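This report covers a predicted model and is arranged by topic. Please read it alongside the sequence and coordinates displayed below.

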Amino acid sequence: MDNESDADSDVCARCATASGTCCTLAPGNEEYCFPLSASERVRMEGAGAEALHFFRQANTAPFVDNLCRLFPGESETIRGLFPNGGEHDRLAIGAGGACLLLGPQGCLLPRDARPLYCRLFPFWMRSGRELYFQFDRCRAQQEAGGGGPGLMLRLGTSSAEIQTMYHELRRAWGLPEQT
Ligand code: SF4
Ligand code: SF4
């Protein structure tokens, strides 16, 4: 498992070298990590991820509430997909808060095998429109001075790819197609 042939823009590698990155959570916030669908897990395992890279997480109320905020107006669907008392897969996170798949130069998985949320971040969609999550430690946002085409360029993505990825994520997580 290595990322030498990966098509990542170098800004994420520089971000990883400098510390932080979006692949690190503040310790204590692990339950908020996005869920992994079975198809995402299979793709990750095909690229070398092992059992130790995954964690079985209870569907806690803070996790579900956070997902409801991510998909406004779809709380009923979210609560059905992640019921109280159930569990889901997420990434395993080390004591310092970093994903166990984070290497010194970024993610150890090739880009097309990474979780869909990772591939989309910091982009997202709401009401059919692209947006991005402001994240102070994101080097790409610092260098782009915000979002828009400059951020897409630095992260090697495009509007079309963001839309495709977002809809793929919805399908993988069990959310209905949006018309
Ligand atoms: S799977 Fe890769 S891109 Fe996603 S959080 Fe872990 S290290 Fe980062
Ligand atoms: S998307 Fe932003 S925060 Fe995440 S690794 Fe790349 S530069 Fe860093």
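## Shell around ligand 2

In this predicted model, ligand 2 is surrounded by C12, C15, T21, C22, F135, C138, R139, A140 and L155, where a residue is taken as near if one of its heavy atoms lies within 4 Å. Helices α1 (10–18) and α6 (139–144) each contribute at least two residues to this shell. Helices are DSSP runs of H or I with at least four residues, strands are E runs of at least two, and both are numbered from the N terminus.

By class, the shell around ligand 2 holds seven nonpolar residues, one polar and one charged. Ala, Val, Leu, Ile, Met, Phe, Trp, Tyr, Cys and Pro count as nonpolar, Asp, Glu, Lys and Arg as charged, and the others, Gly among them, as polar.

## Shell around ligand 1 and R114

Around ligand 1 are C23, L91, C99, L101, L102, C107, R114, P115 and C118. This shell comprises eight nonpolar residues, no polar residues and one charged residue.

R114 sits in the loop between β4 (106–107) and α5 (116–120). With a relative accessible area of 10%, R114 is buried (buried is under 20%, exposed over 50%, partly exposed in between; 1.4 Å probe, protein chains only). A polar atom of the R114 side chain lies 3.0 Å from the backbone oxygen of L109.

## Aromatic pairs

The whole structure contains ten aromatic pairs. Rings of Phe, Tyr and Trp (its six-membered ring) pair if their centres lie within 6.5 Å; planes under 30 degrees apart are stacked, over 60 edge-to-face, and the rest tilted. F34 and Y117 are stacked, at 4.8 Å centre to centre and 25° between the planes. Because F34 is in the loop between α1 and α2 (38–46) and Y117 is in helix α5, this pair ties together parts 83 residues apart in sequence. Both F34 and Y117 are buried.

The ring centres of W124 and F133 are 6.2 Å apart with planes at 35°, so this pair is tilted. W124 is buried, at 0% relative accessible area. One aromatic cluster includes F34, Y117, W124 and F133 among its members.

## Backbone details

The peptide bond from F121 to P122 is cis, with omega near 5°; P122 is in the loop between α5 and β5 (123–126). S127, in the loop between β5 and β6 (129–132), has a positive phi near 50° although it is not glycine. S127 is exposed, at 71% relative accessibility.

## Confidence and conventions

The protein chain has an average pLDDT of 92, and 93% of the residues score at least 70; pLDDT is the predictor's confidence in each residue, from 0 to 100. Over residues 2–7 pLDDT stays under 50.

Residues are numbered from 1 along each chain as its sequence is written, while chains are lettered from A and ligands numbered from 1 in the order written. Local features need pLDDT of at least 70, side-chain atom pairs count only at pLDDT 80 or more, totals for chains, interfaces and linings use all residues, and side-chain values use heavy atoms, without hydrogens and water.

How values were computed. Polar contact = N/O pair within 3.5 Å; in protein donor to acceptor, adjacent residues only side chain to side chain. Contact = heavy atoms within 4.5 Å.
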